[in-house]
Amino acid sequence: MNLEETRKQIDELDQVLVETFEKRLAAVLNIAKIKEAENIKIYDPERETKVLEKGLAYVNDPSLRDYVKHFLNDVMAVSRSYQKDHIQQHIFLVGMPGAGKTTVGKALAQRQDMDFYDVDALIQEKTGKSIQNVIIYEGEEAFRELEYEVISDIVTNKKPSVVATGGGTVLSEKTVKLMRDSGFVVFIHRDVTRILDDLDMEIRPLLKESIEYIFRLYEERYPLYEKVCHVKIQNASSIGDAVNEIIDALPNVER
Ligand SMILES: Nc1ncnc2c1ncn2[C@@H]1O[C@H](COP(=O)(O)OP(=O)(O)O)[C@@H](O)[C@H]1O
Ligand SMILES: O=C(O)C1=C[C@@H](OP(=O)(O)O)[C@@H](O)[C@H](O)C1
Ligand SMILES: [Mg+2]
């Protein structure tokens, strides 16, 4: 067989490979959708080992085993990257006032090259009033509705972003549903004693009353944060560590 004939044979085989690979990617897309809906991680080492074992069992010529192994590993790497491109979710940060939602959220967005939104800041922009004044003059119920509106706008109109919510955003059932349906909800946990060390109480209207109040708030809300979140992370050392913990827990990050 001459070079030209052999190349023709390669071209024909490539056609089969590409057509088969496209079919494989279509199946991978279905997997991505299931993983997105159920917040299952893209990378599953056990499954990859099985795929490799099954594939290698088809090898006829033992001297080709390592090449087939290499090929299958590359196929799985492409598959992970394809899934990553098709699982795009917002990341919502929930937790106590002062837990670090805004600070950790900004750092996380920067690391993941995502946009960042702070619900409190958006409400101030939208109303032209401070959060304190919205709560005092319009009432907490109106404020919770504004939180819902602002988050709806992000979900409908923005590309996947990191969203720092307010400490009480989780009190609204419909807002929780909206967040869980359109993203991954992370509970940032921070010890109350640490929160008190850092917080500027004057600018947190709901905390202004007393230190006991924040402890009571914590007791009340802790089960709620746990219930609404997909994952809980600790903000117990540096901001960078908290960011790493979140990245480790994200279902759609290729590792
Ligand atoms: N891991 C941390 N190390 C040092 N300071 C922190 C840490 N996490 C949060 N803080 C500080 O605590 C304060 C409250 O954080 P913030 O992000 O505003 O909380 P939230 O948005 O949850 O109310 C800020 O001054 C922030 O810099
Ligand atoms: O816990 C709350 O109900 C609130 C927390 C605040 O956000 P932070 O958690 O960022 O302080 C802010 O939304 C508002 O003052 C109400
Ligand atoms: Mg905040």
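In the predicted model, the residues of the shell around ligand 1 comprise six nonpolar, seven polar and two charged residues. The shell holds 15 residues, and the closest to the ligand are Gly 100, Lys 101, Thr 102, Thr 103 and Asp 198. Two helices, helix 4 (101–112) and helix 11, each supply at least two residues of this shell, and the largest share, three residues, comes from helix 4.

The protein as a whole has eleven helices and five strands. Its radius of gyration is 24 Å, well over the 18 Å that the globule rule gives for 255 residues, so the protein is more spread out than a compact globule. The C-alpha atoms fill a box of roughly 85 × 35 × 25 Å when this is taken along the principal axes. Buried residues account for 26% of the 255 residues. Among contacts between residues at least 6 apart in sequence, 75% join residues that are at least 24 apart.

The five strands form an open sheet in the order 2-3-1-4-5, with parallel pairing. Its edges are strand 2 (115–118) and strand 5 (231–234), each of which pairs on one side only. Neighbouring strands of the sheet are turned against each other by 25 degrees on average, direction being ignored. Helix 10 (residues 211–228) packs on the sheet, where it touches strand 1, strand 4 (183–189) and strand 5, and the direction of this helix makes about 150 degrees with that of strand 4. Helix 11 (residues 239–249), which also contributes to the shell around ligand 1, packs on the sheet as well, touching strand 4 and strand 5, and its direction makes about 155 degrees with that of strand 5.

Within the sheet, strand 1 (residues 90–94) pairs in the parallel sense with strand 3 (residues 161–164) over three bridges, and Phe 92 stands opposite Val 163 in strand 3. Strand 1 also pairs with strand 4, again in the parallel sense, over five bridges; here the bridge partner of Leu 93 is Val 186 in strand 4. Strand 4 is in turn paired with strand 5 in the parallel sense over four bridges, and Val 186 has Val 231 as its bridge partner in strand 5. Strand 4 is mostly covered, six of its seven residues being buried.

Tyr 82 is found in helix 3 (residues 65–86) and, when its neighbours within four places in sequence are left aside, is in contact with Leu 25 and Val 28. The C-alpha atoms of Tyr 82 and Leu 25 are separated by 7.9 Å, although the two residues are 57 residues apart along the chain. Because 17 other C-beta atoms lie within 10 Å, Tyr 82 is classed as partly exposed. Arg 180, found in helix 8 (residues 173–182), touches Val 185 and Val 228 when residues up to four places away in sequence are not counted. The C-alpha atoms of Arg 180 and His 230 are separated by 8.1 Å, and these residues are 50 residues apart along the chain. With 15 other C-beta atoms within 10 Å, Arg 180 is likewise partly exposed.

The backbone was also examined for positive phi values. Most residues other than glycine have a negative phi. Asn 39 counts as partly exposed because it has 18 C-beta neighbours inside 10 Å. Asp 113 likewise has a positive phi of about 55 degrees although it is not a glycine, and is found in the loop between helix 4 and strand 2. With 6 other C-beta atoms within 10 Å, Asp 113 is exposed, whereas Asn 39 is partly exposed.

Technical notes
Residues are numbered from 1 along each chain as its sequence is written. Chains are lettered from A and ligands numbered from 1 in the order in which they are written. This is a predicted model: local features need pLDDT of at least 70, side-chain atom pairs count only at pLDDT 80 or more; totals for chains, interfaces and linings use all residues. Two strands pair if DSSP finds at least two bridges between them. Axes are lines fitted to C-alpha atoms, for helices over the stretch in contact, and angles run from 0 to 180 degrees between N-to-C directions. Two residues are in contact if their C-beta atoms, placed from the backbone, lie within 7 Å. A residue is buried if 20 or more other C-beta atoms lie within 10 Å of its own, exposed if 12 or fewer, and partly exposed in between; C-beta atoms are placed from the backbone. The radius of gyration is taken over C-alpha atoms; the globule rule is 2.2 Å times the number of residues to the power 0.38. A residue is near a molecule or strand if its C-beta atom, placed from the backbone, lies within 6 Å of it. Ala, Val, Leu, Ile, Met, Phe, Trp, Tyr, Cys and Pro count as nonpolar, Asp, Glu, Lys and Arg as charged, and the others, Gly among them, as polar.
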